[in-house]
There are 2 protein chains.
Amino acid sequence: MALVNGNYLKLPEYFFFNDLEGKINAYKLLHPEAKLIRMGRGDVSQAIPEEAAKAMADAAKEMGVLETFRGYGPETGYKFLKDKIIKFDYNAYGIQLEQDEVFVSDGSKSDVGNIGHIFGRDNIIAITDPVYPVYENAAIMGGRSGHLADDGLWSNIVYLGCTAENGFKPALPQDHVDIIYLCYPNNPTGIALTKAELKKWVDYALDNQAIIIFDGAYCAYIREKDIPHSIYEIKGAKKCAIEIRSYSKTGGFTGLRCSYTIVPHELMGSTETGEDVEVNKLWNRRATTYYNGTSYIVQRGAEALYSKKGREQCRALTDYYLENCKIIRDEMTACGFEVYGGVNAPHLWIKTPGGRSSWRFFQEMLYELGVVCTPGAGFGNLGEGYFRFTGFNQREAILEAMERIRNWKGY
Amino acid sequence: MALVNGNYLKLPEYFFFNDLEGKINAYKLLHPEAKLIRMGRGDVSQAIPEEAAKAMADAAKEMGVLETFRGYGPETGYKFLKDKIIKFDYNAYGIQLEQDEVFVSDGSKSDVGNIGHIFGRDNIIAITDPVYPVYENAAIMGGRSGHLADDGLWSNIVYLGCTAENGFKPALPQDHVDIIYLCYPNNPTGIALTKAELKKWVDYALDNQAIIIFDGAYCAYIREKDIPHSIYEIKGAKKCAIEIRSYSKTGGFTGLRCSYTIVPHELMGSTETGEDVEVNKLWNRRATTYYNGTSYIVQRGAEALYSKKGREQCRALTDYYLENCKIIRDEMTACGFEVYGGVNAPHLWIKTPGGRSSWRFFQEMLYELGVVCTPGAGFGNLGEGYFRFTGFNQREAILEAMERIRNWKGY
């Protein structure tokens with residue numbers, strides 16, 4: 001009988017976010033009249049920039065006409081989009097890249113998950129705690145996690161603790177690790193690293209011949225000076241880092257699916273017998289074997305985000321969500337909550353009042369206010385005692401949620 | 001230092017299709033004036049159905065308006081598309097499916113490659129020879145192939161030979177295998193299996209508790225009676241088969257990226273300790289962890305292919321390519337070639353004249369006629385001595401290629 005990949009069976013049968021939806025649905029059944037406000041939402045709420053919608057409508061029409069129809073595109077993305085990525089996302093920050101160092105794909109979730117396939121199973125993986133759950137789940141499903149201990153941690157994963165004490169900026173690993181997943185500006189904590197802080201990680205990686213998988217999905221939200229937009233702003237990073245970017249939160253492309261991954265030629269991995277191998281070649285091989293390119297229409301949409309109007313519209317979009325964050329920060333702080341993030345990121349990380357567990361507080365806020373947060377426990381052990389709000393809802397909904405919290409006597 | 005996945009290094013550095021492009025480019029440099037005709041092309045040449053182009057232009061506009069904007073869709077596809085798939089592609093053939101047995105994705109190449117991830121590494125894989133190379137490459141990269149022997153075959157892969165003697169319909173495996181990749185109508189041979197012939201495979205799989213990965217990418221080209229459109233037309237197939245379908249050749253979606261995979265609830269795999277596991281749950285887990293859904297715009301395009309006009313336009317498209325195939329069959333046969341396929345599939349499998357090797361014949365046809373075929377050797381050992389033509393080029397180009405071959409004294 002065909003054997004299944006046993007690593008899949010190590011995953012808890014239902015994940016955290018299914019539980020969350022289950023609890024919300026139970027509440028809705030009991031309170032069909034309630035107007036729920038989802039303050040933990042990970043999805044955007046505003047329309048995509050007009051320029052992108054127009055470009056995609058035009059591209060759709062092109063496909064229906066013989067003279068302008070296009071079949072298979074290049075598996076790693078069209079030159080017209082790669083040119084814009086290199087110019088606006090890298091050259092603008094003093095970084096040079098080749099066309100074949102850029103891999104356009106259908107989403108950073110896919111890339112974050114699939115990138116593990118090009119690496120050996122025996123590498124030691126480090127992730128932050130709290131963390132975006134896909135890094136950990138992909139490590140489990142890929143057979144790299146070891147076993148789940150009683151403390152809720154996987155034996156072969158090194159956890160980099162992020163706490164209020166270290167400003168949610170983890171210390172370097174004490175022991176050797178091979179692959180480090182970093183996401184800055186961070187989901188869920190909303191914290192960004194300065195150049196000096198990120199440099200410590202690049203230096204660690206260079207010293208230890210480790211590879212950093214740098215998830216830069218939220219870089220369009222950076223507003224403060226001295227926060228690097230790309231890890232390649234740090235000297236030497238091309239020798240030790242892969243960077244993954246997304247248009248989901250930059251241009252509201254969550255339903256359209258476009259992202260890209262940078263794998264510099266300078267980045268080397270090792271064979272078991274100690275020879276150097278260009279990681280770029282492996283990722284290229286995966287892309288060309290397991291993928292047939294991102295939809296032409298969507299690539300035209302992404303390209304349009306880089307036009308003058310497109311960039312203005314993206315800026316207006318991220319400004320809107322950041323203004324939402326500011327409202328939440330100010331209101332929640334005024335209500336006495338301890339609030340982190342939301343300045344260079346669309347996420348806010350907030351301490352539950354009175355030491356309550358994050359699930360208990362979630363439940364109270366849901367049942368007493370009809371306001372939904374994401375319990376911090378869903379992001380790892382050290383997420384306990386916190387909850388996540390984001391700035392992604394509509395302004396009116398956020399203002400109403402803030403009013404409900406302001407008038408709340410319960411907490 | 002981070003270790004790479006050593007299985008990637010087992011792949012030949014350049015693959016066959018890179019070699020092919022290299023040789024074509026060399027010819028172009030030497031003969032800049034030549035008008036090349038690509039008769040081996042795997043990509044379609046005609047515009048997509050008007051209905052789909054219209055639906056996608058509308059969907060693009062929707063995304064630019066707050067009231068109709070959509071963010072993340074369901075990872076496994078929208079209900080509006082799954083409803084159509086179930087009704088037109090399955091109910092119409094007497095097959096019942098649940099919504100959660102249908103997984104919409106961005107391409108059958110992705111699914112064919114990624115499906116291996118949910119299975120254990122120790123399964124014995126069987127593929128046909130000749131074969132679509134992705135099945136073999138994914139097995140190699142996934143660590144299931146063993147080593148490459150001097151005969152060009154991988155030690156842990158069972159090859160099912162397809163020759164003129166067996167009508168390119170392979171015999172059942174002599175030894176036990178766990179996972180069998182079948183593609184019918186077949187690429188590259190253009191051969192289809194009748195119900196009775198496919199039933200033998202389903203019965204084998206049921207008897208041996210094997211799983212069939214059934215690639216049905218070309219089912220829209222079936223014209224003869226008694227050829228099953230879906231493997232689930234065979235009794236018991238839901239207990240032993242996964243079916244992968246694509247809109248690439250059905251609706252000209254090669255540049256748009258949409259396909260789907262069916263994993264019936266009845267299909268079971270086994271843990272190492274012998275317990276049954278629903279394969280559907282594993283594939284669902286992969287889809288929800290490694291994927292964020294297919295572009296909304298493209299799903300609307302695929303949906304439009306099922307409207308009354310859309311179905312007529314798809315039929316006109318596949319009829320056009322099949323008429324091309326008929327022209328090729330008739331002409332090549334009249335020229336004395338031994339021709340297979342092209343009746344229920346857009347591919348034709350043709351014997352090289354005079355026992356020449358497929359590369360030699362490719363080279364001769366390229367340099368003497370400016371006509372490009374795909375050498376059979378690129379599809380496996382038993383592809384040697386054959387070449388592939390397809391019906392995917394424009395009618396005028398195909399007529400011209402046929403004229404060049406008719407007047408060719410060389411072969």
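Mentor: Before we start, a residue is called buried when its relative accessible area is under 20%, and exposed when that value is over 50%. Also keep in mind that this is a predicted model.

Trainee: Okay! Is Ser108(A) buried or exposed, then?
Mentor: Ser108(A) has a relative accessible area of 13%, and the limit for buried is under 20%, so Ser108(A) counts as buried.

Trainee: And where does Ser108(A) sit?
Mentor: Ser108(A) belongs to helix 4 of chain A, which covers residues 108-114.

Trainee: What does Ser108(A) touch?
Mentor: Leaving aside residues up to four places away in sequence, Ser108(A) touches Ile244(A), Arg245(A), Ser246(A) and Ser259(A).

Trainee: Let's follow Ser246(A). Which strand is Ser246(A) in?
Mentor: Strand 7 of chain A, residues 241-246. Ser246(A) is buried too, at a relative accessible area of 9%. Its contacts, with the sequence neighbours up to four places away set aside, are Ser108(A), Ala217(A), Cys258(A) and Ser259(A).

Trainee: What does the side chain of Ser246(A) reach?
Mentor: The backbone nitrogen of Ser248(A), at 2.9 Å.

Trainee: New topic: which residues does the UniProt "binding site" annotation cover?
Mentor: The unreviewed UniProt entry lists several, among them Ser108(A), Ser246(A), Ser248(A), Arg257(A) and Asn292(A). The annotated residues span 221 residues in sequence and their farthest two C-alpha atoms are 34.5 Å apart, so they do not all gather at one spot.

Trainee: Which of these residues is included in the lining of the second largest cavity?
Mentor: That lining includes Arg257(A).

Conventions
Residues numbered from 1 in each chain as written. Chains lettered and ligands numbered in written order. Predicted model: local features only at pLDDT ≥ 70, side-chain atom pairs only at ≥ 80, totals over all residues. Heavy atoms only, no water. UniProt positions renumbered as here; feature names shortened; annotations may be inferred. 1 Å grid on protein atoms, 1.4 Å probe; cavity = no way out; pocket = protein on both sides within 12 Å on 5 of 7 lines; lining within 4 Å. Helix = DSSP H or I, 4+ residues; strand = E, 2+ residues; numbered from the N terminus. Buried < 20%, exposed > 50% of the residue type's maximum accessible area, 1.4 Å probe, protein only. Contact = heavy atoms within 4.5 Å. Polar contact = N/O pair within 3.5 Å; in protein donor to acceptor, adjacent residues only side chain to side chain.
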